[in-house]
Amino acid sequence: MLTQLLTQDEIVQLGRLVGDARRVVLFCHKNPDGDAIGSMAALTLVLRQMGKEVTAIAPNNFPLFLQWIPTAGEVLLGDRQHYKVDTALGQADLVVMLDFNTPMRMTELLANKVLALEVPMLMIDHHIDPSPICRLTLSHPEMCSTCELLLRVMLDMGWTQYLTPEVATAIYAGMMTDTGNFSYASNRPEIYEAIGLLLTTGIDKDRIYRNVFYTHTEGRFRLLGYLLYVKMEVMAELHTALITMTNEERLRFKTKNGATEGFVNMPLEMEGMRLSIFLREDTEEKGLIRVSTRSVDDFPCNELCAQFFNGGGHKNASGGSLRMTMEEAREVVHNALASFADKLRD
Ligand code: 5GP
Ligand code: MN
């Protein structure tokens, strides 16, 4: 049973925020993933059915394998379409932040623009420790994805008539991508009740899977082969694998930013692995190393990332960044592993 998730007070407040709004601007985090684009798409379609004008803004571009999501093609890019973004923000009477917990994840530029506005803001998110910057914050870290949370919000608000196949498709895409097709962060029975409900709208979940996961280029496959064969360092006694990738290496295989999505999960497929770390040079900022970590069971990636990589996230999937060379970053990783060795060793 999908029981009521929001408090009575939240239902009243959300009803007022949405009821009073005519022009709504939606934001997701930088380097959008399926949950970010999926939740913006779903809410765009829901609000439009209510007669609202909706503009969805992503801080930067997102991978081709998410472009098929309904309305994804019309998402404005914050780092390119400045005029359109400013126009939408100038007319907005409600700003919604989806799938992130602090305005800096929109980029500093957009965070400054949004925080300067005098319009009510709403946050719908599943990351821990949301910044208290919005009039209403619906934060549920137990949810597998913002998309799952959005579906629950729709149910609690009595918005089920807006759950069209397009909305259900976008929601399913976000739930599926944030859980690696329900292979992690997905033990709650309610997730499967939510999926059941989405399927009753007639969506084709098998096609959604293929649209997202069977769309890779040859370059990505060859880059993956190279990283696994040549670059992966396996520390057997720590049940940990580390992969590093420079921009030069990525470009050698003619792949774009985003092509390495999912690579960090793969070393966990080796028997006994507990932690996988992927370091890659940022595609835009020189001297910035992006860190991705994934774990199984109880290893706290979020604590590791908070302590050593200026980041955070979920227990089994976290990230961060380091301002240094790849060699220095590799050293930070080895120090971090030494510090967490107790939790990694048998
Ligand atoms: P990914 O490895 O896919 O980039 O990120 C996995 C998760 O880690 C994200 O969903 C997000 O929760 C978290 N994350 C990634 N980068 C950062 C960061 O720089 N700071 C914080 N606080 N969390 C991050
Ligand atoms: Mn998410």
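This is a predicted model: local features need pLDDT of at least 70, side-chain atom pairs count only at pLDDT 80 or more; totals for chains, interfaces and linings use all residues.
**α6 and α8**

I started with helix α6 (residues 165-178) and helix α8 (residues 205-213), whose axes come within 10 Å and cross at roughly 60 degrees. Helices here are DSSP runs of H or I with at least four residues, strands are E runs of at least two, and both are numbered from the N terminus. The axes are lines fitted to C-alpha atoms, for helices over the stretch in contact, and the angles run from 0 to 180 degrees between N-to-C directions. That angle makes α6 oblique to α8; under 35 degrees counts as roughly parallel, over 145 as roughly antiparallel, 65 to 115 as roughly perpendicular, and the rest as oblique. I noted the crossing of α6 and α8 as right-handed. The rule is that the near helix is turned from the far one by less than a right angle, anticlockwise for left-handed and clockwise for right-handed.

Residues are numbered from 1 along each chain as its sequence is written, chains are lettered from A and ligands numbered from 1 in the order in which they are written, and side-chain values use heavy atoms, with hydrogens and water left out.

Which residues of α6 and α8 make the contact? I found T169, Y172, A173, M176 and T177 on α6, and K205, I208, Y209, V212 and F213 on α8 (contact means heavy atoms within 4.5 Å). They divide into 7 nonpolar, 2 polar and 1 charged. For the classes, Ala, Val, Leu, Ile, Met, Phe, Trp, Tyr, Cys and Pro are nonpolar, Asp, Glu, Lys and Arg are charged, and the others, Gly among them, are polar.

**α6 and α7**

Next I looked at α6 against helix α7 (residues 189-199): about 150 degrees, axes 10 Å apart. So α6 and α7 are roughly antiparallel, and their crossing is left-handed. A168, I171, Y172 and M175 of α6 meet I191, A194, I195 and L198 of α7. I get 8 nonpolar residues in this contact, no polar and no charged. Y172 also turned up in the α8 contact.

**α5 and α7**

α7 also packs with helix α5 (residues 146-157), with axes within 11 Å and a crossing of roughly 70 degrees. These two are therefore roughly perpendicular, and the crossing is left-handed. From α5 I listed E148, L151, R152 and L155; from α7, E190, I191, A194, L197 and L198. The classes come out as 6 nonpolar, no polar and 3 charged.

**The manganese ion**

Which protein donors does the manganese ion (ligand 2) have? I found D35 (OD), D99 (OD), H126 (NE2) and D178 (OD), at 2.2 to 2.3 Å. Donors are N, O and S atoms within 2.8 Å of the metal (3.2 Å for Na, K and Ca), and water is not among the atoms, so sites may look incomplete. D35 sits in helix α2 (residues 34-49) and D178 in α6, 143 residues apart.

Are D35 and D178 buried or exposed? D35 is buried at 0% relative accessible area, and D178 counts as buried at 17%. Buried is under 20%, exposed over 50%, partly exposed in between (1.4 Å probe, protein chains only).

**R274**

Last, I found R274 in the loop between α10 (247-252) and β9 (275-281). At 24% relative accessibility, R274 is partly exposed.
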